[in-house]
Each structure stands twice: as C-alpha cells, then as structure tokens.
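This report concerns the packing of helices in one protein model. The sequence and structure are shown below.

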Amino acid sequence: MTKQQAAGQQHTPVTVIGLGPMGLALAETLVDHGHPTTVWNRTTEKADALVAKGARRAGTVADAVSASPVAIVCLKDYETMYGVFGSAGDALQGRVVVNLNSGTPTEANAALGWAAERGVAYLDGAIMVPPPLVGHPESVFLYSGSQEVFDEHRATLASMGDPRYLGSDPGLAVLYNTALLQMMYATMNGFLHATALVGSANVSAVPFADLALNWFMPTVVDATLVAQAPNLDKGHYPGDMGTMEMNLNALEHITRTSAEQGVHSDQPRLMKEIAERAIAEGYGGQNYLAVFEIFKKATPAV
Ligand SMILES: NC(=O)c1ccc[n+]([C@@H]2O[C@H](COP(=O)([O-])OP(=O)(O)OC[C@H]3O[C@@H](n4cnc5c(N)ncnc54)[C@H](OP(=O)(O)O)[C@@H]3O)[C@@H](O)[C@H]2O)c1
C-alpha cells in the first residue's frame, strides 16, 4: 500500500486505455498515487502486473470508460483511438477523454470534432518524458483543448507529472511537442556531428562532451538564445557583434573541415545553404538569428 493509500486520501477514479510502455507507466503511477484505476488494452495480459498492484481490468472498452469520470488514452495514434472507441457505443456520451498519443495539430483538431459528435469533453495532451520519468513532479505534460476538463482534473493530471495548459486550441500540445522534439533532434545531431569531427582525431566522446556542454550552456543557450529571444519576436537582428556573412564563413569552414577529416558533411552543408538563402534575401549584414526569417516560411519549391 502506498503512503497516499495508507493515509486514506480520496483520489479520483481513472481509466487508462492503452498499455504500451507509456500507458503502463501512466497506469502504474496512478495506482501508486492511490487513484482507483481501471485499465483496458487490446492485449489483455499486459495488465497482469497492474492488476496484481490493485488496478481493475475492464473486459470491454465500454466497461472501461463507464468505470471512471475520466479516461486517459495512450494508444499508438489517433486512428487507433478511433478504432478502439468504435466498440464503446453510447458509453462515451458525457464522458471525459484526455488523449496523450503523439500526432499532428490537424489530427488533434479532428479529434475534437470526433469527441464533440459523441458528447465527449476532450483534452489533448503530449508527454515530454520517457516512461521511467512518469510520475516525477518535474516531468512536463502538455495539454490543450478544454480548459474546463484541465481545471477539473488538474489534481489527477498532476499525479502523472507537471501539467501545463497551453490554450483552448487542441492542436497546441502536439505542436509544442513536435517543436520540442525538433529542437531535441537538431541539438543531438549537432552534438553527435561535433563528436564525430573531433573523433576523426581520435578524441574520446567523454572529455569532449564535458568541454562542449560546459561551453554550450553559457555561450549558446544563455548568452544567445535566452538573451535574444525577445528580438526574435521583434524581428530585430543587429549585426554589430557579427554578421550573417561572418557566420557563413564559419559554416563553410565546418563543411570543408568535415570533408577534409573524412566525416559526414550533409548537416553543415544544409546549414550553409540556409545562411546563403538568408543572405540572398537581404540579411547578410544582420546577425545569424535572422535565419529565423527563413525558417518561418515554407521551403521554396525546387
Ligand atoms: N514510449 C515513449 O517514450 C513515449 C514518450 C512520449 C510519448 N509517447 C507516445 O505515447 C503513445 C503510446 O506510446 P507507447 O510507447 O506506449 O507505445 P505505442 O507502440 O506507440 O502504442 C502502444 C499501444 O497502442 C496499442 N495499439 C496499437 N495498435 C493498436 C490497434 N490496432 N488496436 C488497438 N490497440 C492498438 C497497443 O496495444 P497492444 O498492447 O495490444 O499492442 C498499446 O496499447 C504514442 O503516441 C507515443 O508517441 C511515447
């Protein structure tokens, strides 16, 4: 029995639909926090360990959604959610669905329409941590859509992590999710390419990671990105401390060094092309952050 259970605190009953690695982590965390938890999954035996911990296994999707005032859905994607709820019939009417699968803003907006047609109050969400970090108070969960649902079930959502409400547009949570993942992949690829570059001279990744990250945080993140974010909103890119032309030079050196050292050079070449486009569009005398103006537009057709 958990501390909360022992203290006899009242917790909202919750249903969790979908017990992949993430759904299992969500359901286990809710059980640990003392929520009476009902679970449903296509492959029923994935619930065995949860049932042993005190969760209730629903026999049908209709039974699952009827068991609790709120159903947290964590399936593969939106199409899977529609397929799974296809068998729920009228049981969905008047229920609350918090959907945490990944997808696109267009899909999230379509899900709101799907929910409205069935009399379901709908909150969309995105989980910004891997399964082992679910339940930590600082683990960020993004939500958008019905503020009423968010406010009413905030305490339950807080059992899974740090719930952040982004606005009534249901697509915002998955849009933020995609933007943050884009940043994660670009940063990881930048670090991995840099490590391959120094690795071409037999430098080990461990000391390089230490030096690189201690340089990156104050120089790039704090002094540049955090300090300059207000200028992105204003479209203000003063070039007095260094121009786009100067940065193109640096990108040319990275591309050439990559080739000379025998490592992959697509990444710096693409960044060089983006800087060249910025210069072609008149940003040559402004600072490097003016590439933001290029990123705000669709890629021109070739
Ligand atoms: N894992 C992560 O690190 C992570 C992090 C953030 C967000 N997410 C998001 O969370 C969602 C769930 O991810 P996951 O890692 O748990 O695994 P997943 O492989 O994306 O989803 C597995 C779940 O979907 C169900 N499913 C798949 N196809 C189905 C079908 N045709 N009919 C019924 N159920 C079906 C699976 O049921 P069965 O068990 O029966 O196959 C299982 O419950 C995804 O959208 C993912 O992007 C995951």
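Predicted model: local features only at pLDDT ≥ 70, side-chain atom pairs only at ≥ 80, totals over all residues.

The crossing of α9 and α10 is right-handed, that is, the near helix is turned clockwise from the far one by less than a right angle. Their contact (heavy atoms within 4.5 Å) is made by T187, F191, A194, T195 and V198 of α9 and by A205, F208, A209, A212 and F216 of α10. By class, this contact of α9 with α10 has eight nonpolar, two polar and no charged residues.

Residues are numbered from 1 along each chain, and side-chain values use heavy atoms, without hydrogens and water.

| Helix pair | Axis angle | Axis distance |
|---|---|---|
| α9 (residues 172-199) and α10 | roughly 130 degrees | within 10 Å |
| α11 (residues 244-260) and α12 (residues 266-283) | about 160 degrees | 9 Å |

The angle of about 160 degrees between α11 and α12 makes α11 roughly antiparallel to α12. The crossing of α11 and α12 is left-handed. Residues in this contact include L248, L251 and I254 of α11 and M271, A275 and I279 of α12. By class, the contact of α11 with α12 has ten nonpolar, two polar and five charged residues.

Helix α10 (residues 205-234) also holds P218. P218 is partly exposed, with a relative accessible area of 41%, between the limits of 20% for buried and 50% for exposed (1.4 Å probe, protein chains only). P218 and S87 are 131 residues apart in sequence and 54 Å apart in space, C-alpha to C-alpha.

How values were computed: Axes fitted to C-alpha atoms, helices over the stretch in contact; angles between N-to-C directions. Helix = DSSP H or I, 4+ residues; strand = E, 2+ residues; numbered from the N terminus. Parallel < 35°, antiparallel > 145°, perpendicular 65-115°, else oblique. Nonpolar A, V, L, I, M, F, W, Y, C, P; charged D, E, K, R; others polar.
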